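Keep the viewer open as you read.

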Amino acid sequence: MLQQRFFPRLACLATLLAPFTLHASEPVHVLTGTLGKSPIVVELNLATPDDINGRYFYEKYHKDLALSGKLKGQDLTLTEGLSYDENPDLPTLHLHKSSDSTWTGEWSSSKGKSFKVQLTEKTVAAPDASAEPGWQDIYRESAYDYLRLSQLKLKADKKETFMGHGLQWWVEPESGITFFEITSGYAPDQAARINRQLRSRLWHEVVSYHECMLGGSRMGGDFEQSVNPQLMSPSIVSLNISTSYDCGGAHPDFGDSPLNLDVATGQELTLEDVLWIGDGKPFRYVRDEKGGTSFDTYSNYRSKTFAPWLVSQLQAAHPDEMKAPENEDDCDYTDESVWDFPSWYFTEKGLYVGPYFARVMRACESPEWSVVPYSAIKAHPGGVKVQLPE
């Protein structure tokens with residue numbers, strides 16, 4: 001439960017998409033070919049013959065269509081829908097695998113239309129050094145997603161100036177995901193490192209969009225996002241990414257996913273890089289890092305050391321907003337547990353921290369006032385030397 005609270009948005013998406021999100025560590029097959037005359041890309045997980053799942057997209061549209069079905073010997077029967085879809089009118093695919101790893105068969109609809117399907121299992125070459133930032137990581141997670149991204153083109157959007165820095169916005173038209181790159185205000189090498197991180201995040205958000213649309217395909221998914229730069233200083237680039245989404249779960253959801261970068265290295269900053277309340281040397285927790293700080297150690301520090309300190313600082317800086325609630329239906333910002341794993345980003349006035357509440361109290365999230373003054377942050381420096389605003 002703690003790990004789900006730590007990654008509220010990503011954990012929710014992962015839970016919703018578990019039946020059909022396929023990872024490189026599983027026996028995933030990527031196939032390319034045609035349905036009728038239309039080129040398609042297919043991803044299938046054939047690990048459990050009685051419960052096959054996958055997805056495919058037409059290269060013309062790039063929108064995922066879910067697949068589920070059964071494999072008997074070399075014959076595969078698929079329904080164009082999620083495994084729990086019971087609509088008898090959904091299209092079906094019947095495919096046979098030949099000894100040369102080609103699949104042939106037929107797609108048919110309940111209205112009597114049918115088209116030949118011809119597919120070949122494809123070994124997808126890894127992206128080279130000239131590929132878009134983030135594509136290497138995405139390829140390792142899903143060659144299928146990488147193939148889709150390699151067919152997408154970004155479109156230049158508006159230009160603006162933020163805190164003396166030129167910004168060029170880019171949009172991926174099919175998903176609507178938009179991000180900026182920095183065109184002036186930093187040395188060329190600094191801007192290049194920062195822009196690699198920004199572009200990588202853009203492509204990862206495009207992947208999240210398509211995963212969400214697949215999960216919500218029965219009723220129509222929704223994935224809306226806004227990106228707002230918050231601070232650009234000689235030492236820090238900070239932005240907040242706010243997402244509201246409906247990926248087919250019981251309820252729509254929303255959340256913030258900020259990105260904070262060290263200008264000197266271009267690397268993403270963790271909160272412990274900036275602020276350390278514990279004893280000894282600050283650790284740097286990175287999720288799924290082998291040989292690094294364990295989640296138990298990290299969680300224990302956040303709940304027993306960091307959260308109590310943070311509540312005391314917020315009570316000192318915002319006494320009226322941090323009063324105990326008069327009834328149980330009010331937002332209780334004195335509850336230390338809602339501050340264990342806050343979203344956070346830099347502002348001109350201080351470090352913004354956003355609490356995380358259970359669903360029934362989600363309206364309490366993203367208060368405008370929850371900023372810790374930089375004087376308090378500077379008194380407890382983290383593991384990376386960054387110059388904080390005055």
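**A walk from the rings to the sheet**

Both W276 and Y301 are buried, where buried means under 20% relative accessible area, exposed means over 50% and partly exposed lies in between (1.4 Å probe, protein chains only). Before going further, please note that this is a predicted model, in which local features need pLDDT of at least 70 and side-chain atom pairs count only at pLDDT 80 or more, while totals for chains, interfaces and linings use all residues. Residues are numbered from 1 along each chain as its sequence is written, and side-chain values use heavy atoms, with hydrogens and water left out.

Let's start with the aromatic residues. The structure holds 23 aromatic pairs; rings of Phe, Tyr and Trp (its six-membered ring) pair if their centres lie within 6.5 Å, and planes under 30 degrees apart count as stacked, over 60 as edge-to-face and the rest as tilted. W135 and W203 are an edge-to-face pair, because their ring planes meet at 65° with the centres 5.4 Å apart. This pair links distant parts of the chain, 68 residues apart: W135 belongs to helix 3 (residues 135–141) and W203 to helix 5 (residues 188–215). Helices here are DSSP runs of H or I with at least four residues, strands are runs of E with at least two, and both are numbered from the N terminus. W135 and W203 are both buried.

Now back to W276 and Y301. Their ring centres are 4.5 Å apart and their planes are at 20°, so the pair is stacked. W276 sits in the loop between helix 6 (271–274) and helix 7 (295–317), whereas Y301 is in helix 7, so the pair ties together parts 25 residues apart in sequence. Ring pairs also join W276, F283, Y285, F295, Y298, Y301 and F341 into a cluster.

Rings meet charges too. The charged end of R302 sits over the ring of F306, 5.1 Å from its centre, and R362 lies over the face of F254, at 4.6 Å from the ring centre. For this, NZ of Lys or CZ of Arg must be within 6 Å of the ring centre and within 35 degrees of the ring normal.

Next, have a look at the open sheet, in which three strands follow the order 16-17-18 with antiparallel pairing; two strands pair if DSSP finds at least two bridges between them. Strand 16 (343–346) and strand 18 (371–373) are the edge strands, each pairing on one side only. Four bridges join strand 16 to strand 17 (residues 350–354), and Y345 stands opposite Y352 in strand 17. Helix 7 packs on the sheet, touching strand 17 and strand 18, and its direction makes about 85° with that of strand 18. Contact means heavy atoms within 4.5 Å, and axes are lines fitted to C-alpha atoms (for helices over the stretch in contact), with angles from 0 to 180 degrees between N-to-C directions.

Finally, return to helix 5, which is mostly covered, with 20 of its 28 residues buried. R193 lies in this helix and is partly exposed, with a relative accessible area of 22%. Leaving aside neighbours within four places in sequence, R193 is in contact with V263, A264, T265 and G266. The C-alpha atoms of R193 and G266 are separated by 4.8 Å, although these residues are 73 apart along the chain.
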